[in-house]
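Here are some notes to go with the structure, jotted down as numbered points. Have it open while you read.

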Amino acid sequence: MIRNKISMLVGGEAGAGISRSGLLFAKSCLRGGLCVFGANDYQSLIRGGHNFYTVRACEEEIYSQADKTDLLIALNKETVLLHKNELVSGAGIIYDKEEFSINPEDVESKDVKLYHVPLRKIAKELTGPQIMENTVALGAATALLDYDLTILNEVLQDTFKEKVAQQNMEAAKRGFNYVKENYGDNFGYKLEKTKLAGSKRIFLTGNEAIGLGALNAGCKFYAAYPMTPATTILHFLAPLDREYKMVVIQTESEIAAINMVTGASYAGVRAMTATSGGGFSLMAEAIGMAGMTETSPVIVLVQRPGPSTGLPTYSSQTDIRFAIHVSQGEFPRIVIAPGDVHECFYSTVEAFNLAEKFQMPVIIISDKYLSESNATAEQFDQNRIGIDRGQLITEQEYRQEEEYMRHRITETGVSVRAIPGIRGAIVRTNADEHNELGYTTEDPVLTKKMNDKRFRKMDELIKEMENYETVKLYGPKNADVTIVGWGSTKGPIREAMKIINKNGKCVNFLQIVYLCPFPTNKIEEQLKSAKMTIAVENNKTSQLSGLIQENLLMTVDHKILKYDGRPFDPEALAKQIMEVL
């Protein structure tokens, strides 16, 4: 009997509530005190096509999905056919044989147990919608795992309105009882409450963590055009706008969004937008305007694969270079790459502070896997949150002794910022090259001075970065091999490290959190003593390896790259790393 360790997959047709079902089960595990990771996979279709959601729950801390499936809830036959090779020996399949049959060759034996449950019939008997068969299946899964149905019921009560909740609770109970009466306890996996049951841990996605980070950083203006996989930030913030006294706008385009956010930032309001792929391309020119005018928008770039439309609902790490070099001309910017939900939250707070302190755009780069996967997290530490608005002058502080210069040339490159409307201070800025007052200039001497002024901020920023966790090292310092990565590969890499360590090999992982300015000294400090280096990235050209080569003149020894739109599987990744060793 395997206790408190399960990987479950819910699969079916798009539009059948697959993601919601997986999330309900995941929350049920969380409330029982388990660590949980949930990932969804869906095609860019409104209806039809195959969707699935994987829930991994374990008593020990986990960082990603698993490669294999212990329990499969198949709402159609396609789910069985597509995922049969992921089933472990002794796995179970919950299905409705009155809707489709499963033949031995469909699962290729492997000691897989089939559990027929009349999902649709029960849903019809309850006169509920067909989609309620999902809840019947969740009740059946709860019984197979000998888990506490009360916990699932509590989740249902918190999710739905009273009448719908009661219907779903009855559906779950019918599925639960059917399994208990017909199959008893013959499944080889069991879930039970742990000592962490009822603790105040949270379960959220990367996008939700970014949204929470923005709220805690004092963001008062959010404008965005919906674009998967960035859209859920808009969904998260929109219902909270009144509670947090902020403005949330769905704009007519990404161009409008970035211009509104830059305008709000110029007016003294902390402002953010988010987009993906082609949406970020559309924002390129306006990001340059923010650089030239030294305003401070925070931009979230949630990557997806491919040029053009690519794979809209899948994941990749292909936009490092694009983020670092976006827009014409040269201007300072910051690019931060969080790797988990904790970093999504705290990095967003840092992004707002750095944007205003150094008066430049900040890009938070994420991807679909990080932005839409759910993970268990401790409640965020409010003591770690500080607001730094930089050199911002108030009306009470402004003495009017001389004409206000928005772009005054200073030793640090940072000019004192006034909010438009302060009595006596005319705040001029200009997307053309300009003088200290903000008036257009084409003077060659002044052009050079203003360029130098803007880039002097990078020197100050690099000094400031010494106080930040721009890189993180996991594992022993003197390891046989150092894995180098950034962003969402963090989770699968840390899971792969567990597997490799169990095989007697010693590895560590250098996570690069800040991509621009590149933390050259800290990376060099770690890599110069590395016995062997392996870059792990979700792109074809190993863009991080290129940055290391460019900034440190060091070549990464090996590259493990995946660019099929899917995240790394920990076991497969561990195997690839072991082959290199």
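1. A cut-off to start with: a residue is called buried when its relative accessible area is under 20%. Ser 542 comes out at 2% relative accessibility, so it counts as buried. Keep in mind that this is a predicted model.

2. Ser 542 is worth a look for its backbone too: phi is positive, about 55 degrees, although the residue is not a glycine. You'll find Ser 542 in the loop between β23 and α18 (543-552). For context, most residues other than glycine have a negative phi.

3. Gln 400 is another non-glycine residue with a positive phi, this one near 60 degrees. Its place is the loop between β17 (392-393) and β18 (417-418).

4. While you're checking torsions, note the cis peptide bonds. The bond from Thr 228 to Pro 229 is cis, with omega near 5 degrees, and Pro 229 sits in the loop between β10 (221-224) and α9 (231-237). The bond from Cys 516 to Pro 517 is cis as well, omega being near 0 degrees; here the loop is the one between β22 (514-516) and α17 (520-527).

5. Now the sheet. It is open and built from 8 strands with mixed pairing, in the order β7-β6-β5-β2-β4-β3-β16-β9. At the edges are β7 (113-116) and β9 (202-205), each pairing on one side only. Ignoring direction, neighbouring strands are turned by 20 degrees against each other on average.

6. Inside that sheet, β3 (residues 35-41) and β4 (residues 50-58) run antiparallel and are joined by 7 bridges. Val 36, for instance, has Ala 57 in β4 as its bridge partner. Helix α5 (residues 133-144) packs on the sheet, touching β2, β5, β6 and β7, and its direction makes about 150 degrees with that of β5.

7. The crossing is right-handed. What kinds of residue make up the contact of α8 with α13? They divide into 9 nonpolar, 4 polar and no charged.

8. Last one: α19 (residues 570-580). Its buried residues are Pro 570, Leu 573, Ala 574 and Ile 577. Down the axis of α19 they fall within an arc of 100 degrees, so they line one face of the helix. They pack against β20, α16, β23 and β24, whereas Lys 575 and Glu 579 are exposed on the other side of α19.

Definitions and conventions. Residues numbered from 1 in each chain as written. Predicted model: local features only at pLDDT ≥ 70, side-chain atom pairs only at ≥ 80, totals over all residues. Heavy atoms only, no water. Pairing = 2+ DSSP bridges. Helix = DSSP H or I, 4+ residues; strand = E, 2+ residues; numbered from the N terminus. Axes fitted to C-alpha atoms, helices over the stretch in contact; angles between N-to-C directions. Contact = heavy atoms within 4.5 Å. Buried < 20%, exposed > 50% of the residue type's maximum accessible area, 1.4 Å probe, protein only. Arc of directions from axis to C-beta. Left-handed = near helix turned anticlockwise from the far one by under 90°. Nonpolar A, V, L, I, M, F, W, Y, C, P; charged D, E, K, R; others polar.
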